[in-house]
Each structure stands twice: as C-alpha cells, then as structure tokens.
Amino acid sequence: MLSLFLPLSEVEVWLPGLVVLGGTVGVLTGLFGVGGGFLLTPSLKALFGIPYTIAVGSDLVQIFVTSTVSTYRHRRAGNVDLRLGLILSIGALAGAEIGVRILGALGSVRQVAVAGIRLYLLDLVLSGLFLVLLLVVAFIVWRETESADGSAKEADTNVARALRRIGLRPQIPLSRSDQGRITVWVPLTMGFGVGILTGLMGIGGGFINFPLLIYVLGVPTKVAIGTGSLQVMVASGYGAIRHAMEGNVELLLVLILVMGSVVGVQMGVRLAKRFQSLGIRRLFAGILLVGVVVIIWDVSSQVFSG
C-alpha cells in the first residue's frame, strides 16, 4: 500500500521515503540557497534504484519548484542581489546546455570494465564527480570556518579582495554586499561552469555557488543564499526543460518529491534566520559529507554485488 511503481524508471519505490527525501531537500534549499541535487540525485540512485538519467531530469524539475519558492522568500527578506544573480544565470544557461549534451554522450556508452568489474560508464563518471566535488567543497568550507575569527560574521578572503581590484569592464556593483564593484566576467564565468554541472549532474549548482559567492566574490552569507537561489531557479528550469525533451523526467516521481519539498523549503528559510553566518557554513560542510557517505555506500554495493 505504501509502495508505488514508477513506469519510466521501472522500479517500485517506498512512497513515505520519497516524501521525506523531498522534504529534506526542501529544507536545504531554504537554508543554504542550494537546489539539493547534490544529495537528491545520488540518494535516488542509491536508496531507490532510480537510473541516473531519470534522477537527473526529475531532480531538476523538483529543484526548480523549490528554488522558486526559496527565491521569492529570500527576495522578500532582502537577501537577493538581483543584478548579480541574473548575470550568474546567463552564464548558467549556456553551461546547462553543454551539460545535457555531455550526459547524453555518456549515457550512450554501455558498461566498462574496472578491475575486472563491469560498471556503467555514466554511473562511474557521475559518482566520481559527486565524490570529488563534495569532498573538495566540504574541506574548503570547513577549513575556513575552523580558522575564522569567532567575532567575524563573514568570510574575507584574499581572492575576493583581488578580484574586486580587477578593472576589466563592464563592471557591476555588488548592491546587497557593500563590497564595491566587480568585473562582470567573473560571475559570468562562474555561472557557466556551474551550469555545465547542472545539466550533467542534475544539481542546481547551489552547493558550488554558495561557497564561490562567499569566498570568491566576498558576498555575505545570507545574500549568497538568496542570490544562489535565483541562479539555481533559472539554471534548473532550463535544465528541466531540456531533460524533459530528452525523455528523462518521471512526472510521478517529481510530484511526490515536490509534496515534501514545498513544506521543507519554508522550514529552511525560517531556520536561515535563526543561524549565525558561521554556523550556517559549518552546517553546510556537514551536509556535504552526508552526500559523500551516500555515494560511497552506493558504489560499494555495486562493486560487491558485481
């Protein structure tokens, strides 16, 4: 009675588990301004047996819905740098198209042999990418928070200061950050790189944008959350449309995930108001490590079952 068959994925899933997973991702969206795909995509694959292609396409639809709610809430709270967010989004749109095409190319290759064990190339590449990105970002964020002055609410890096000194035109003011002006080419390039990962990995890109906005551009933590939500909304929306065109969206799966995530995102936005900036960054690093554990468990189960 609590199980449901997903026709496109051809798997039977436990309904309450999917709702809880969607709610958890919604909380992450509201709390950190991330789409939550870094946890949702591998979790759907590892815990529910949903193929990566379907997980990626369906995730992006769910991420679009939750990030839209999150952006609206953070915009009302004054945490969105609209100009910066739109420039990030322009770069992300171009990158997302490339990511979708790379995913299609990887999916066309069948199994490969690794140490005598046959694995799908797509599974191998995406699991490896998730592991590397999550570990690197978690390490950088945690190291900064450990070395941060307890009295300092925001990170202040040499990279952010150096980039603000670049005189390349055109430039934009960081209106919500009180950090002066920055060349438009920096956020445009950032958005492009994150957009590739959006189309390829089914992530909104927020888990990378979040630390980039803080440590590379010098944006305050809560403004990074709101602005990141805007970029995630635009990139995931485009990625969702492209994956729907490729037949990678399981609408029933999306509906179930959205049921939980819309409630979760409201909770996440409220939690963001309660945490101090340093605490938000530390919690973010911890959540990334949860994603690492999920992926390692999935890869290990494939290896030992093979």
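Buried means under 20% relative accessible area. The model shown in these views is predicted.

**View 1. Arg-242 and its two partners in salt bridges**. At a relative accessible area of 12%, Arg-242 falls under the 20% cut-off and is therefore buried. Its salt bridge with Glu-97 has closest N and O atoms 2.6 Å apart. Arg-242 belongs to helix H9 (residues 221-245) and Glu-97 to helix H4, so this pair ties together parts that are 145 residues apart in sequence. In the salt bridge between Arg-242 and Glu-246, the closest N and O atoms are 3.6 Å apart. Glu-246 is partly exposed, at 48% relative accessible area. Through shared partners, salt bridges join Glu-97, Arg-101, Arg-242 and Glu-246 into one network.

**View 2. The salt bridge of Arg-101 with Glu-97**. The closest N and O atoms of this pair are 2.8 Å apart. Both residues lie in helix H4 (residues 82-107), 4 residues apart, which means a separation of about one helical turn. Arg-101 is exposed, with 59% relative accessibility, whereas Glu-97 is buried, with 16%. The whole structure holds 3 salt bridges.

**View 3. The second largest pocket**. This pocket holds about 190 Å³ of space. Its lining consists of 10 residues, with Ile-140, Pro-211, Leu-212, Tyr-215 and Val-216 nearest the centre. Helix H8 (206-216) supplies the largest share, 5 residues, and H5 supplies at least two. By type, the lining has 9 nonpolar residues, 1 polar and no charged.

**View 4. A nonpolar surface patch**. Val-132, Val-136, Phe-139 and Ile-140 make up the patch, with about 370 Å² of accessible area together. Val-136 lies in helix H5 (residues 121-147) and is partly exposed, at 42% relative accessible area.

Methods
Residues are numbered from 1 along each chain as its sequence is written. This is a predicted model: local features need pLDDT of at least 70, side-chain atom pairs count only at pLDDT 80 or more; totals for chains, interfaces and linings use all residues. Side-chain values use heavy atoms; hydrogens and water are left out. Patches are made of residues with over 30% relative accessible area and no salt bridge: like charges are joined within 9 Å, nonpolar side chains (Val, Leu, Ile, Met, Phe, Trp, Tyr) within 5 Å. Accessible areas come from the Shrake-Rupley method with a 1.4 Å probe; for residues, only the protein chains shown count as cover. A salt bridge is a side-chain nitrogen of Lys or Arg within 4 Å of a carboxyl oxygen of Asp or Glu. Buried means under 20% relative accessible area, exposed over 50%, partly exposed in between (1.4 Å probe, protein chains only). On a 1 Å grid over the protein atoms alone, a cavity is a set of points where a 1.4 Å probe fits but cannot get out, and a pocket is an open set with protein on both sides within 12 Å along at least five of seven lines; lining residues have an atom within 4 Å of a point. Grid points are joined across faces, edges and corners, and a volume is the space filled by probe spheres set on the points. Ala, Val, Leu, Ile, Met, Phe, Trp, Tyr, Cys and Pro count as nonpolar, Asp, Glu, Lys and Arg as charged, and the others, Gly among them, as polar.
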